[in-house]
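Work through the exercises below with the model open. Try each task before reading its solution.

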Amino acid sequence: QVQLVESGGGLVHPGGSLRLSCAASGIIFSLNTMAWYRQAPGKSREFVAFINIASSTTYADSVKGRFTISRDNAKNTVYLQMNSLKPEDTAVYYCNKFYNPAGWGKGTLVTVSS
């Protein structure tokens, strides 16, 4: 059974930084392209970034240049380093397999506010 556990969210001022983590189990992590998504209040879930098995990355235009996705296959963990945070980045952040997504975890809430 696939389990995805996101952590690292919190309250941060505009311009601040956070690092999110997602620990995955029940999959062969190193053979999966992993992605981050987010869902802002009242909006549908949207793609943020993915990292493939060769560690090549792709970002949504809204976060390009500010967010960095990375992975540690030894720890079955994918990270999202978020810098220069804006109020519009406020959302619950989720990770999942990019291809054939599994069930969603609980996510981690990021609130950007002064």
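**Exercise 1: a sheet and its edges**

Task: find the strand order of the open sheet of four strands, and say which strands stand at the edges.

Solution. The order in this open four-stranded sheet is S1-S3-S8-S7, and the pairing is antiparallel. Strands are DSSP runs of E with at least two residues, numbered from the N terminus; two strands pair if DSSP finds at least two bridges between them. Strand S1 (3-7) and strand S7 (67-72) stand at the edges, because each has a single partner strand, so one side of each lacks a neighbour in the sheet. Next, take S7 and strand S8 (residues 77-82): six bridges join them. Ser70 has Tyr79 in S8 as its bridge partner.

The model is predicted: local features need pLDDT of at least 70, side-chain atom pairs count only at pLDDT 80 or more, and totals for chains, interfaces and linings use all residues. Residues are numbered from 1 along each chain as its sequence is written, and side-chain values use heavy atoms, leaving out hydrogens and water.

**Exercise 2: salt bridges**

Task: which residues does Arg38 meet in salt bridges?

Solution. A salt bridge puts a side-chain nitrogen of Lys or Arg within 4 Å of a carboxyl oxygen of Asp or Glu. Arg38 meets Glu46 at 2.6 Å, N to O. Arg38 also bridges Asp89, with the closest N and O atoms 2.9 Å apart. Asp89 lies in the loop between S8 and strand S9 (91-97), and Arg38 in strand S4 (residues 34-39), 51 residues apart. Glu46 is partly exposed at 36%.

Notes:
Buried < 20%, exposed > 50% of the residue type's maximum accessible area, 1.4 Å probe, protein only.
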